[in-house]
Amino acid sequence: MTAKTEKKQTFEYKAEIKQLLHLIIHSLYTHPEVFLRELISNAADALSKVRFRELTDDSLVDKDKDPQIKIELNEKEQTFSIEDNGIGMTQDDLVACIGTVARSGTLEFLKNFKEQNKDASGLIGQFGVGFYSVFMVTDQVTIETRFAEKDAKGLRWVSSGEEKYSIEEIDKPDRGTKISFKLKDTAKEFAREYKIKDTIRKYSNFVDFPIFVGQEKINTVKAIWRQKESDVKESERNEFYKFIANDFDDPMDHLQMSVETTAVEFKALLFLPKKAPFDLIRFNQHKTLQLYSNKVMIMDDCKKLLPEYLHFVRGVVDASGLSLNVSRETIQSSPVIDKIRGVITSKIIDWLANMAEKETEKFIAFSKAFGPLFKRGIDVDFENRDRLIDLMRFESSSQKPGEVTSLKDYAGRMKENQKD
């Protein structure tokens with residue numbers, strides 16, 4: 001690919017972004033292999049978007065090409081590249097999605113995390129800074145991309161992650177995105193095939209598209225939510241959770257369901273994380289459930305599938321009755337989605353009630369982590385209000401500090417003439 005004669009444009013990062021990048025690149029993360037997980041996750045997302053778009057748009061470039069992610073290595077030169085034939089990016093995308101990173105409050109939170117000598121590798125995907133984890137292993141990155149529409153132009157984005165980045169037009173006939181760089185000497189192990197293969201199997205084994213290292217396909221690509229629960233190993237399920245949730249920890253618990261009624265038919269695999277994100281109450285900032293139709297991903301964050309007070313739940317829902325030939329907005333307002341939401345909400349409450357009865361310590365850990373958001377359900381979900389009240393836990397002056405009680409147990413200890 002050769003650069004065209006159009007003038008290269010240079011852009012400067014905003015002040016807070018510069019500080020954030022410096023923190024990420026130089027001192028925050030102790031697991032440098034996380035960069036590969038993030039790049040593969042971004043590539044898979046681009047492939048999901050173009051696959052959905054192809055269902056209703058015959059005009060896209062390379063429509064008949066099989067979706068894939070390709071990784072090329074040169075151990076001697078210490079070079080690395082990852083390429084997908086997904087949706088690609090426009091210049092606006094490069095500026096908005098790559099040139100601008102993270103959310104308000106992220107810098108302050110990560111600084112505090114660093115000062116407490118904690119490892120934030122498990123948090124990197126939660127802030128929109130995942131791409132920039134690449135600077136843990138390189139000093140300069142090049143992105144070559146072309147959006148999938150026929151009149152789109154090829155673009156090259158280059159940055160060292162410090163002060164500025166540049167964008168210029170290039171010749172690129174194929175859609176998709178290629179990210180390439182030379183590895184630092186301290187990260188030269190990532191130019192070795194065995195290291196990359198092991199890392200992919202560790203973090204990205206369940207990506208819904210084939211991943212090739214050279215000519216070898218690495219990942220298994222199983223839709224484990226459609227398998228019998230007894231046929232799936234716990235280690236496989238935990239790997240799957242870590243990938244979709246961008247989490248380094250195993251989940252606290254899981255719930256698998258297969259629902260077939262006259263009104264709705266779907267399969268789901270849901271997870272409770274062990275820890276809450278630092279900004280739990282800002283529920284709209286966090287991904288919830290992925291929505292599939294017969295193993296075709298429609299949305300990677302379908303918030304309509306859960307009431308807001310349950311937005312800490314992660315997982316996959318695969319609904320057979322959804323039409324793929326409509327927009328994502330239409331799907332979200334579909335009566336089928338409302339019915340699935342009602343069933344899932346009821347099943348989650350049953351799940352938590354069973355946990356409260358049979359696994360008390362686990363339920364208390366859940367309440368301490370997610371109680372501030374979960375308690376909001378009492379004010380908004382009147383259909384399930386009484387069931388939710390039974391699941392609330394509070395500290396009481398009659399118990400030791402840190403211990404919690406239910407309202408039912410508290411009332412049972414009330415004195416005979418106590419009115420309040």
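This is a predicted model: local features need pLDDT of at least 70, side-chain atom pairs count only at pLDDT 80 or more; totals for chains, interfaces and linings use all residues.

Modeller: Residues are numbered from 1 along each chain as its sequence is written, and side-chain values use heavy atoms, with hydrogens and water left out.

Biologist: How many helices and strands does the protein chain have?

Modeller: Helices (H or I, at least four residues) and strands (E, at least two) are DSSP runs, numbered from the N terminus. Going by that, the secondary structure of the protein chain comes to 12 helices and 14 strands.

Biologist: What percentage of the 420 residues is buried?

Modeller: Here buried means under 20% relative accessible area, exposed means over 50%, and partly exposed is in between, using a 1.4 Å probe and protein chains only. For the 420 residues in the protein chain, the buried share is 50%.

Biologist: Which kind of aromatic pair do Phe 131 and Trp 157 form?

Modeller: Rings of Phe, Tyr and Trp (its six-membered ring) pair if their centres lie within 6.5 Å; planes under 30 degrees apart are stacked, over 60 edge-to-face and the rest tilted. The structure holds 20 such pairs. In this one, the centres are 5.7 Å apart with 75° between the planes, and the name for it is edge-to-face.

Biologist: Where does each partner sit, and how many residues apart are they?

Modeller: Phe 131 is in the loop between helix H4 (106-115) and strand S4 (138-146), while Trp 157 is in strand S5 (residues 154-159). Phe 131 counts as buried because its relative accessible area is 7%, and Trp 157 does too, because its value is 0%. The pair links distant parts of the chain, and the separation is 26 residues.

Biologist: Which kind of residue, nonpolar, polar or charged, has nine members in the lining of the second largest pocket?

Modeller: A pocket is an open set of points on a 1 Å grid over the protein atoms alone, with protein on both sides within 12 Å along at least five of seven lines, and lining residues have an atom within 4 Å of a point. The second largest pocket holds about 160 Å³ of space, and its lining includes Asp 62, Lys 65 and Arg 175. Ala, Val, Leu, Ile, Met, Phe, Trp, Tyr, Cys and Pro count as nonpolar, Asp, Glu, Lys and Arg as charged, and the others, Gly among them, as polar. The lining has no nonpolar residues and two polar ones, and the nine are charged.

Biologist: What is the phi of Gln 78 near?

Modeller: Most residues other than glycine have a negative phi. Gln 78 lies in the loop between strand S2 (69-74) and strand S3 (79-84), and it is buried because its relative accessibility is 13%. Its phi is positive, near 60°.

Biologist: How far apart are the C-alpha atoms of Ile 167 and Leu 155?

Modeller: Ile 167 lies in strand S6 (residues 164-170) and counts as buried because its relative accessibility is 2%. Contact means heavy atoms within 4.5 Å, and, leaving aside neighbours within four places in sequence, the contacts of Ile 167 include Phe 11, Leu 155 and Trp 157. Ile 167 and Leu 155 are 12 residues apart along the chain, and their C-alpha atoms are separated by 6.7 Å.

Technical notes:
On a 1 Å grid over the protein atoms alone, a cavity is a set of points where a 1.4 Å probe fits but cannot get out, and a pocket is an open set with protein on both sides within 12 Å along at least five of seven lines; lining residues have an atom within 4 Å of a point. Grid points are joined across faces, edges and corners, and a volume is the space filled by probe spheres set on the points.
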